[in-house]
Amino acid sequence: MNPAVRDEALPRLVATTATVALLVLGGRLLLALPGAPLPEAEEPRIQLRFSSRPRTAGALPPPPDATVAAPHTGVHATALAGPATAAPAASASSAAAPAAAAPLALYDGQGRIQLPVGAVPESPTTRRERDPLERANPVDYRGTRFEDAWISDGDAADVAQQELRRAQQKVAEVLFGKDVQHARARPSPEVRFNPARHERPSDLGSEATGDAWRAAPISYEPAPGLGGEASRRIRERVAALEREYAGCDRQRLATLVAPVRQSLDELQRVEYAYAHGADPVRAQHQLPATANGAWDQARRALWYAERQLADCRS
């Protein structure tokens, strides 16, 4: 045989042999499998029928003239009672026959399912009835003893700041106790002001600088609250001053009243901030001190203006 033909035919022969072997093996495996079940006769279909149950005692009240008697005791009762009592027993059985033949109503007039008494256990009245449209919480959360101690849900910096604040609070409780009273600013003394005893006379102003009204010798007086009473009094005194000295030079009058109006504006800003929800700490400490200062400065400027305008009273 030609070597070239032999080299070409040998692989084909091997492939053909392997293919035949695989086919034979597959056929034997198919023959070894269990056979398909033979078709059997068609089984009868299941039919669902509703049959009426005998009503239990207490489900529905019996008719007033009905006599409740067991079926197996009716014969004995008739036999013992005699002919006189046989008729009532027969009438009772004949009255019960239509009731048994009556169709069973699954729903009442309001669309609810009729169930025998005691079929569904009654839930306690203390338990809240669950809304059928309410979805149950998928997270089964159980609290721990660390809930009250946790404040911040922020990052690591927030948690560190929280721990520092707690540590400072514990140290303050050890040093000063739990009932710590915060420091409050001491109000100015209610004494008459004496310019001659002032430590720095340069703070009192002068005629050259136009602020000599700062040295008015009047007593200190706190503002009468932050509800608007202080600004109302200053406005009334300014209006009275302008009416009383209307014949004076308008420019001079405006110059003397200018410090009063400046302090009045400051006082009105404080009252506005207090009436429109200022910060609690600011409303307790800063605003009263600012109002007292503006009230005192306005009174000093009014006292000085009245003394300067006394020579041109109308």
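Buried means under 20% relative accessible area, exposed means over 50%, and partly exposed lies in between, with a 1.4 Å probe and protein chains only. By that scale R166, at 22% relative accessibility, is partly exposed. This is a predicted model, in which local features need pLDDT of at least 70 and side-chain atom pairs count only at pLDDT 80 or more, while totals for chains, interfaces and linings use all residues. Residues are numbered from 1 along each chain as its sequence is written, and side-chain values use heavy atoms, with hydrogens and water left out.

**Overall make-up**

- The chain has seven helices and zero strands, where helices (H or I, at least four residues) and strands (E, at least two) are DSSP runs numbered from the N terminus.
- Read from the N terminus, the order of elements is α-α-α-α-α-α-α.
- Of the 314 residues in the chain, 15% are buried.
- Among contacts with a separation of 6 or more, 67% are between residues 24 or more positions apart; a contact means heavy atoms within 4.5 Å.

**Packing of α5 and α6**

- Two packed helices are described by the angle between their axes and the distance between the axes.
- Helix α5 covers residues 229-244 and helix α6 residues 250-275; their axes come within 9 Å and cross at roughly 165 degrees.
- Axes here are lines fitted to C-alpha atoms, for helices over the stretch in contact, and angles run from 0 to 180 degrees between N-to-C directions.
- The two helices α5 and α6 are therefore roughly antiparallel; angles over 145 degrees count as such, those under 35 as roughly parallel, 65 to 115 as roughly perpendicular and the rest as oblique.
- The α5 and α6 crossing is left-handed, meaning that the near helix is turned anticlockwise from the far one by less than a right angle, whereas clockwise would be right-handed.
- On the α5 side the contact is made by E229, A230, S231, I234, R235, V238, L241 and E242, and on the α6 side by L253, V257, V260, R261, L264, L267, Q268 and E271.
- Sorted by class, this contact of α5 with α6 has nine nonpolar, two polar and five charged residues.
- Nonpolar covers Ala, Val, Leu, Ile, Met, Phe, Trp, Tyr, Cys and Pro, charged covers Asp, Glu, Lys and Arg, and the others, Gly among them, are polar.

**E242 in that contact**

- E242 belongs to helix α5 and is partly exposed, at a relative accessible area of 27%.
- Not counting residues up to four places away in sequence, E242 touches L253 and R261.
- From E242 to V257 the C-alpha to C-alpha distance is 8.9 Å, across 15 residues of sequence.

**Packing of α6 and α7**

- The axes of α6 and α7 are 9 Å apart, at an angle of about 165 degrees.
- Helices α6 and α7 are therefore roughly antiparallel to each other, and their crossing is left-handed.
- The contact of α6 with α7 has 17 nonpolar, four polar and three charged residues.

**N292 in α7**

- N292 lies in helix α7, which runs over residues 280-308.
- The residue N292 is buried, at a relative accessible area of 18%.
- Leaving aside neighbours within four places in sequence, N292 is in contact with Y220, P222 and A223.

**Salt bridges**

- Side chains of opposite charge can pair when their charged atoms come close.
- The whole structure has 13 salt bridges, each being a side-chain nitrogen of Lys or Arg within 4 Å of a carboxyl oxygen of Asp or Glu.
- R166 pairs with E163 in a salt bridge, with the closest N and O atoms 3.4 Å apart.
- Both R166 and E163 are in helix α4 (residues 156-176), and because they are three residues apart, about one helical turn separates them.
- E163 is partly exposed, at a relative accessible area of 40%.
- E236 and R232 form a salt bridge at 2.5 Å, N to O.
- Within helix α5, E236 and R232 are four residues apart, so about one helical turn lies between them.
- E236 is partly exposed at 43%, and R232 is partly exposed at 33%.
- In the salt bridge of R269 with E266, the closest N and O atoms are 2.5 Å apart.
- Both R269 and E266 lie in helix α6, three residues apart, about one turn of the helix.
- E266 is partly exposed, at 28% relative accessibility.
- A network of salt bridges links E221, D296, R299 and R300.
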